[in-house]
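Reader: I would like to go through the labels attached to this model and ask what stands behind each one.
Author: Go ahead.

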Amino acid sequence: MLALAPAGFFMVTALIACNTFLQSLVEDEERSRLMGIYIMCTVGIAPVGSLFTGQLAEMIGTQGALFASGLLCILSSFYFFTKMEKNRKVILRAFVKKGYNLKETR
């Protein structure tokens, strides 16, 4: 119970940071399309995941379903971590193109 408040705070903070980051990365003409996809991914995918998790919970139990979901989150975070350097270069180029004065930190 004590972890719910900080988890909620950091979840909202991450969503706000992603929203700000994406809007500052794209051109003005493409912003509405990007935000449509962003909203669909953040709001529209959760019910689908809940449906699959509920079905999995009926098959293997609640603890097993939560464990499998957590394991999937961990594995996907490792996958995206391996792609981070490639994405970092693309993002830096996009920010420089938009006129931001950024220095490579690494």
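Reader: Why is Ala5 called exposed?
Author: This is a predicted model, in which local features need pLDDT of at least 70 and side-chain atom pairs count only at pLDDT 80 or more, while totals for chains, interfaces and linings use all residues. Residues are numbered from 1 along each chain as its sequence is written, and side-chain values use heavy atoms, with hydrogens and water left out. Exposed means over 50% relative accessible area, buried under 20%, and partly exposed in between, with a 1.4 Å probe and protein chains only. Ala5 has 57%, so the label is exposed.

Reader: What makes the place of Ala5 a helix?
Author: A helix is a DSSP run of H or I of at least four residues, numbered from the N terminus; a strand is a run of E of at least two. Ala5 lies in helix α1, residues 4-25. Ala5 and Ser24 are 19 residues apart in sequence, and their C-alpha atoms are 29 Å apart in space.

Reader: How many helices and strands does the protein have?
Author: The protein has four helices and zero strands. From the N terminus on, the order is α-α-α-α.

Reader: Why is the protein called more spread out than a compact globule?
Author: The radius of gyration is taken over C-alpha atoms, and the globule rule is 2.2 Å times the number of residues to the power 0.38. For 106 residues the rule gives 13 Å; the protein has 18 Å, well over that value, so it is more spread out than a compact globule. Its C-alpha atoms fill a box of roughly 50 × 30 × 25 Å along the principal axes.

Reader: What share of the residues is buried?
Author: Buried residues make up 7% of the 106 residues.

Reader: What makes the pair Asp28 and Arg31 a salt bridge?
Author: The term requires a side-chain nitrogen of Lys or Arg within 4 Å of a carboxyl oxygen of Asp or Glu. In Asp28 and Arg31 the closest N and O atoms are 3.0 Å apart, so the pair meets the definition. The structure holds one salt bridge.

Reader: Are these two partners buried or exposed?
Author: Asp28 has a relative accessible area of 54%, so Asp28 is exposed. Arg31 has 25%, and therefore counts as partly exposed.
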